[in-house]
Amino acid sequence: MQWTRKHDILLARKIVAQEPIKHKKGSIKSGRIWTQISHGLRTCQEVQFMVNLSQRGVRERFTTLRSKFKEKERVKHKESRISHGKQDELDVLIKEIIDREDLHEENKENENKNESDRVTASKMR
């Protein structure tokens with residue numbers, strides 16, 4: 001299957017809506033959400049997806065989109081520090097997903113730090 005811009009936008013919309021990034025990578029919950037996303041895309045009436053589209057295919061496509069977006073942002077940043085006008089829908093969606101991932105990782109790190117602080121405090125007592 002050849003992924004088009006419409007395919008990518010629908011994928012990004014599903015990811016924003018279902019947030020598989022909330023769960024640990026490789027976990028059962030994360031896998032179920034990726035499976036739901038792939039099933040939702042297969043049953044989509046707007047654009048034709050492969051009948052055998054798997055969660056792995058969906059995850060790999062998103063990984064590709066994310067790395068392309070990050071590279072494009074890196075190049076834009078190097079070329080100039082001036083804002084480049086408006087972004088298209090796909091760029092906005094990918095940016096939102098990346099921001100949510102970063103926020104989720106920050107929250108996890110804070111939780112881990114708080115837990116280690118509690119353990120240290122209880123050892124001192």
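The largest pocket of this predicted model is lined by 24 residues, and those nearest its centre are Ile21, His23, Lys25, Arg66 and Glu101. A pocket here is an open set of points on a 1 Å grid over the protein atoms alone, where a 1.4 Å probe fits and where protein lies on both sides within 12 Å along at least five of seven lines, while a lining residue has an atom within 4 Å of a point. Two or more lining residues come from each of the elements α2 (28-42), α3 (55-79) and α4 (89-124), and α3 gives the most, with eight residues. The lining divides into five nonpolar, eight polar and 11 charged residues, where Asp, Glu, Lys and Arg count as charged, Ala, Val, Leu, Ile, Met, Phe, Trp, Tyr, Cys and Pro as nonpolar, and the others, Gly among them, as polar.

Residues are numbered from 1 along each chain as its sequence is written. Local features need a pLDDT of at least 70, side-chain atom pairs count only at pLDDT 80 or more, totals for chains, interfaces and linings use all residues, and side-chain values use heavy atoms, with hydrogens and water left out.

Helix α1 covers residues 5-18, a helix being a DSSP run of H or I with at least four residues, numbered from the N terminus. Just after α1, Glu19 takes a positive phi of about 50°.

The aromatic rings come next. There are two aromatic pairs, counted where ring centres of Phe, Tyr and Trp (its six-membered ring) lie within 6.5 Å, with planes under 30 degrees apart called stacked, over 60 edge-to-face and the rest tilted. Trp3 and Phe49 make an edge-to-face pair, 5.8 Å centre to centre with 70° between the planes; because Trp3 lies in the segment before α1 and Phe49 in the loop between α2 and α3, this pair ties together parts that are 46 residues apart in sequence. Both Trp3 and Phe49 are buried. The rings of Trp34 and Phe62 have centres 6.3 Å apart and planes at 40°, so this pair is tilted, and because Trp34 belongs to helix α2 and Phe62 to helix α3, the pair ties together parts 28 residues apart in sequence. Trp34 counts as buried at 7% relative accessibility, and Phe62 counts as buried at 2%.

Technical notes:
Expected span 1.5 Å × (residues − 1). Buried < 20%, exposed > 50% of the residue type's maximum accessible area, 1.4 Å probe, protein only.
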